[in-house]
Amino acid sequence: MLLFSCPNCGPRNETEFHYGGQAHVAYPAQPNELSDREWAEYLFYRENPKGLFAERWVHTAGCRKWFNMVRDTVSYEIHAVYGVGEQAPEDLIAPAAAKTQSQPLAPAEAGTLTSSEGV
């Protein structure tokens, strides 16, 4: 089992926490103006890196507060824990982001879909 360090409660067993997805995903400024494809990409498409990754977690069996964690997806080693409004430590996230170039999402490459074809 892993030992997570809650910013409010201190070290606790991983079973007290629930995963909340990728951290630092900004809500669209004008969500009503998004196409179905853009809305689906916001909701469902996330990075899936091998290595360091910023994630959101909630301490459900404790303080019930959300926080961010930088964790290695290969070794499960936890590199940083910080508050929701705070930025990830630059020395941890920047090198991982520099290794992978931004690539278009698969549905966007397929061309324009008609409304009958779905998202």
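I looked up salt bridges to begin with, taking one to be a side-chain nitrogen of Lys or Arg within 4 Å of a carboxyl oxygen of Asp or Glu, and by this rule the count comes to one. I note that this is a predicted model, in which local features need pLDDT of at least 70, side-chain atom pairs count only at pLDDT 80 or more, and totals for chains, interfaces and linings use all residues. Residues are numbered from 1 along each chain as its sequence is written, and side-chain values use heavy atoms, with hydrogens and water left out.

Which residue forms a salt bridge with Arg71? I found Glu55, with the closest N and O atoms 2.6 Å apart. Glu55 lies in strand β4 (residues 52-58) and Arg71 in strand β5 (residues 66-72), so the pair ties together parts that are 16 residues apart in sequence; strands here are DSSP runs of E, at least two residues long, and helices are runs of H or I, at least four, both numbered from the N terminus.

I then checked burial, where buried means under 20% relative accessible area, exposed over 50%, and partly exposed in between (1.4 Å probe, protein chains only). Glu55 is buried at 1%, and Arg71 is buried at 11%.

Next I searched the whole structure for disulfides, meaning pairs of cysteine sulfur atoms within 2.5 Å, and the search gave zero. For Cys9, the nearest cysteine sulfur is that of Cys63, 3.8 Å away, while for Cys63 the nearest is that of Cys6, at 3.6 Å. Cys9 is partly exposed, with a relative accessible area of 25%, and Cys63 is partly exposed with a value of 25%.
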